[in-house]
Amino acid sequence: MKNIFIAISIFIALISCSKTKPNKQTQQTVNKQDSTIIKQLFNTSLTNGKSYEWLRDLTSNIGGRLSGSPEAQQAVEWGEKLMKNLNFDNVWLQPVMVPHWVRGKKEEAYFTSNNNKFNVPICALGGSVATPKNGILGEVIEVKSLEEAEKLGEKLKGKIVFFNRPFDATLIETFRAYGGCVDQRVNGAKVSGKYGVLGVIVRSMTSSIDDIPHTGTMRYGDLTDTEKVPAAAISTKAANLLSEKLKENPTLKFFFKQHCKTLPDAPSYNVIGEIVGSDYPDKFITIGGHLDSWDLGEGAHDDGAGIVQSIEVARLLKLNNIQPKHTIRVVLFMNEENGLRGGKKYAEEAKKNNENHIAALESDSGGFTPRGFSFDTSEKNYNLFMSWKSLLAPYGLRDIKKGHGGADIGPLKSETISLFGYKPDSQRYFDYHHTAIDTFDKVNKRELELGAASMASLIYLLDTYLK
Ligand SMILES: [Zn+2]
């Protein structure tokens, strides 16, 4: 398998060599100019960057900004004002209706076994219903998968179902570990609800063993109102302890209480800023992250980082006197976390207005040290993007490969667009993801700035070479 791959790579290299040979001189000149400009973009971000101070402002002065909340509205106004102050050619708000779920009073949980009481750090999952006013007390059935819960079927009746499949710690890319577990959080209640269970608790989505519960979205699918049971996440430490105690005492009792509810959909906005292209004003390159965040923390890594980096891309281009040929749009998407309504709305409007979107870049993997980009594109552009590897590698951007672009830009997917995801180092992301400790102090200034410059470099290359 590997040998075939090497043979194919050599073949491709030979073909591309023979193609570029007559233009070798031009190719080298262009690359030299590209590497000079990329170096300037990094220099500017690292010596005169604004992303970190913007993030401080967004996270410290507004904080968590769940869709439909007053903080989400403040964030919309914050983004609009900032882009206007930066003299974007056009700045506007794109209306979108968003889900409006509220957590209410802090949740409580404990379990008792052999007359000992163990307190459990817990948080409701986004979209969950509340428990009855006095909470839920019941026996627990531990399962490791949705399939296992399905198999138990009627045996789950009257119990609290405990989904406890941990992250696979051997996976180097932690998003893959998350992807391997998150079905429990999203669909645990949907699968168990039809069997008359009391509620659902799920092990937090992290490989870190600590006392921090991680929220996140969940769905009931087509369950009836009576089948919709409360769902919550418990910390990994508590999940380990509960699992251990269940082995000693399978009839131990677990209690939890939560007060969340879903209100009617609320009006909100995507915030859009535009630099009009000099040569192809009707061809668009979108850069974005999501402006909403979960309510528990400050939404610093998820996704305040992506927001300030996206805005900084436009500022870095301007500061370096780079006039884009295509129209560059910076989009602060609303409601990625619990509905993706902003991403869907943006794509819907683009289609309605017959806009020609040639590329989009999303930053929603935290503000950590740059590692690369994943991209979803046609075969035609594949070789072009791979040819940029040597330009990006000096900045730690070595992981350039096919893959997912991002949730918010996903709805823009078409035959012709190229979708990119910015990929920073993933080792610490799930320590903070969707928790009370996703706060400004967890973001490193240089790492954030390197990310903004990485994104600006890619946008510069796309604008220069993409047709
Ligand atoms: Zn996110």
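Predicted model: local features only at pLDDT ≥ 70, side-chain atom pairs only at ≥ 80, totals over all residues.
Me: What is the strand order of the open sheet of eight strands?

Reply: In general, strands of a sheet pair through backbone hydrogen bonds, either parallel or antiparallel. Here the order is β3-β2-β9-β5-β6-β7-β8-β4, with mixed pairing. The edge strands, β3 (116-119) and β4 (122-124), each pair on one side only. Within the sheet, β2 (residues 108-113) and β9 (residues 253-257) run antiparallel and are joined by five bridges; Y110 has F255 of β9 as its bridge partner.

Me: Which strands does helix α7 touch?

Reply: Contact means heavy atoms within 4.5 Å. Helix α7 (residues 182-193) packs on the sheet and touches β6 (160-163), β7 (199-203) and β8 (231-234). Its direction makes about 155° with that of β7, where axes are lines fitted to C-alpha atoms, for helices over the stretch in contact, and angles run from 0 to 180 degrees between N-to-C directions.

Me: Which residues have the most contacts inside the largest nonpolar core?

Reply: In soluble globular proteins, nonpolar side chains tend to be buried together. A nonpolar core is a set of buried Ala, Val, Leu, Ile, Met, Phe, Trp, Tyr and Cys residues joined through side-chain atoms within 4.5 Å; buried means under 20% relative accessible area (1.4 Å probe, protein chains only). The largest core has 67 residues, and those with the most contacts inside it are W78, I311, L361, F373, I459 and L462. Helix α14 (residues 445-465) gives the most to this core, with ten residues.

Me: Which atoms coordinate the zinc ion?

Reply: Donors are N, O and S atoms within 2.8 Å of the metal (3.2 Å for Na, K and Ca); water is not among the atoms, so sites may look incomplete. The zinc ion is coordinated by H290 (NE2), D302 (OD), D364 (OD) and D364 (OD), at 1.9 to 2.7 Å. The spacing of these donors along the chain is H-x11-D-x61-D. H290 is buried at 0% relative accessible area, and D302 is also buried, at 4%.

Note on methods:
Residues numbered from 1 in each chain as written. Heavy atoms only, no water. Buried < 20%, exposed > 50% of the residue type's maximum accessible area, 1.4 Å probe, protein only. Pairing = 2+ DSSP bridges. Helix = DSSP H or I, 4+ residues; strand = E, 2+ residues; numbered from the N terminus.
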